[in-house]
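Student: I would like to learn how to read a model of this kind, one feature at a time. Could we begin with the peptide bonds and then work outwards?

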Amino acid sequence: MPPIISRGFRGRREDAPPGRVPPGQYVTRDFPVLSAGPTPHTPLERWDFTISGEVDEPRRWTWEEFRALPAEEITADIHCVTKWSKLDTVWQGVRVDTLLEGIETSAGYTVAFSDGGYTTNVPLEDLTEGKAWVAFSYGGEPLQPVHGGPARMLVPHLYFWKSAKWVRGLRLTAADEPGFWETNGYHNYGDPWREQRYWGD
Amino acid sequence: MEGTTVLGRLTWQPADVTGVVAETPRAKTIAFGVPGWAGHRAGQHLDVRLTADDGYQAERSYSIASAPDGTRVELTVVRIADGEVSPYLTDDLQPGDQIELRGPVGGYFVWEPPLGGPLLLVAGGSGVAPLMAMIRLRAAAGSDVDTRLLLSSRGWDDIIYRDELERLNGNGLTVVHTLTMSQPPGWAGYARRVDAAMLAEVGPGPAERPRVYICGPTPFVEAAAQALVGLGHQPEAIKTERFGPTGS
């Protein structure tokens, strides 16, 4: 069925560079927030990051240890399932590859888990080879709690709910285990370029 | 597990505009008839898609304001002056027009009578829309579960659903307004932003373990949720829905 034309509707048509904005998205200069509950505030001295699950031995970093890992600056476009995209966002973070160095695993999937109980599942191969980071800085400043600070996942090639805020670790799993939004109607994988917003997309 | 919503693909469906009602100077409620609408749960949202005559499309999400009611769906839309979609919805849509919707979406920010209460609903401006769906469902189901609505609006004329809330007040529902920018002469109610003291007075307190739903602009939701956690409410009992920029 062809779409219904809304007479007189013109739209704003941001002059975004071609090929930068996935279908159904609009460009915003704000940084909107989507969270299911209150913003957690975990003091850095109680913060740690762990890799657990299907691994030879779990790994754990304190905040100090995590911040001592090699980090890099990332410039990425981010796409939220609620329709906004934000171009050229600048982050600092530690590559997931760096965290996985030397870890033996047969896992094919991961579950990122966060303060506040949030979880989201991502195939392991979507977090490796420079595709994902644990970010601790945004726009040159420490990452604010409302945006997921002290640290959040940054997986810019998937819808942004896959970039778990307030992340505390990754659990490596043999089977794919749908996370919070994935069990609440949202797509299991979440590729913005294929507009995988909801179940069945 | 909460969150079994709709299996299978959410397809775009034609929706007939059946009514447009001004709620406030900036907000309108648009009623749609959606043939084949699969139904929704109170608190869910849907996506709206507008298509220009050259094929350009824009999509936005809106909370559903109406209680589940067959193929009828109502959205309350605040006109954002420099918005792309809301001015068209509020200024141009007329009964008889058709647009496209898909939904319902979201299995988390929902309430249904079997979940019980008590309920604490906290809304900033048009954030009242999904909470109104819960209040309307509660009334339609004949539920008398203890429900407090704290609604923050700029002024008396900016209160969305003001008359209907006044009618529904009672039978276990307590509606409390705070007017943050201007108050009518003789106003005896709250006249400030939502804070911990106000939330403590509105209740129910943490000992009664209310289910809390907060919806509004991001800074509003942040402040209310933080205040409730500070009062001793369990973070897991607080469900939030936010819109707009962070203001930071």
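Student: Where does A:Pro150 lie in chain A?

Tutor: In this predicted model, A:Pro150 lies in the loop between strand E9 (141-142) and strand E10 (152-154) of chain A. As a general idea, most peptide bonds are trans. Here, however, A:Gly149 and A:Pro150 are joined by a cis peptide bond, with omega at about 15°. Chain B has a cis peptide bond between B:Gly117 and B:Pro118, where omega is about -5°, and B:Pro118 is placed in the loop between E6 and strand E7 (119-124) of chain B.

Student: Which value of phi does A:Glu129 have, and is this residue buried or exposed?

Tutor: The general idea is that most residues other than glycine have a negative phi. A:Glu129 has a positive phi of about 55° although it is not a glycine, and it is found in the loop between strand E7 (119-123) and strand E8 (133-138) of chain A. A:Glu129 is exposed, because it has 10 other C-beta atoms within 10 Å, and a residue with 12 or fewer counts as exposed.

Student: And what is the phi of A:Trp166, and is that residue buried or exposed?

Tutor: For A:Trp166, which is also not a glycine, phi is positive and near 50°. The residue sits in the loop between E10 and strand E11 (167-173) of chain A. With 25 C-beta neighbours inside 10 Å, A:Trp166 counts as buried, the cut-off for that being 20 or more.

Student: Turning to the fold, how many helices and strands are there in chain B?

Tutor: Chain B holds 5 helices and 11 strands. Its radius of gyration is 18 Å, close to the 18 Å that the globule rule gives for 248 residues, so chain B is as compact as a globular protein of that length. Along its principal axes, the C-alpha trace of chain B spans about 55 × 45 × 35 Å, and 48% of its 248 residues count as buried. Among the contacts in chain B with a separation of 6 or more, 73% are between residues 24 or more positions apart.

Student: Into which domains is chain B divided?

Tutor: Chain B is divided into domain 1 (13-105) and domain 2 (113-243), and 24 Å separate the centres of these two domains, taken over C-alpha atoms. Domain 1 of chain B gives 14 residues to the contact, and domain 2 of chain B gives 14 residues. On the side of domain 1 that touches domain 2, the residues divide into 8 nonpolar, 5 polar and 1 charged.

Student: How many residues of chain B are in contact with chain A?

Tutor: The size of an interface is often given as the accessible area lost when the parts come together, but here we can count residues. In this model, 44 residues of chain B are in contact with 35 residues of chain A. The elements of chain B that give two or more residues to this side include strand E3 (45-51), strand E4 (57-63) and helix H5 (218-231). The residues of chain B on this side divide into 18 nonpolar, 15 polar and 11 charged.

Student: What is the mean pLDDT of chain B, and where is the pLDDT below 50?

Tutor: Where pLDDT is low, the predicted coordinates should not be read in detail. The mean pLDDT of chain B is 93, and 95% of its residues reach 70 or more. Over residues 1-6 of chain B, though, the pLDDT is below 50, and this stretch has 16 contacts in the model beyond near neighbours in sequence. For the complex, the predictor gives an ipTM of 0.89 and a pTM of 0.93.

Conventions:
Residues numbered from 1 in each chain as written. Chains lettered and ligands numbered in written order. Predicted model: local features only at pLDDT ≥ 70, side-chain atom pairs only at ≥ 80, totals over all residues. Contact = placed C-beta atoms within 7 Å. Helix = DSSP H or I, 4+ residues; strand = E, 2+ residues; numbered from the N terminus. Nonpolar A, V, L, I, M, F, W, Y, C, P; charged D, E, K, R; others polar. Domains from an automatic or database assignment. Rg over C-alpha atoms; globule rule 2.2 N^0.38 Å. pLDDT = per-residue confidence, 0-100.
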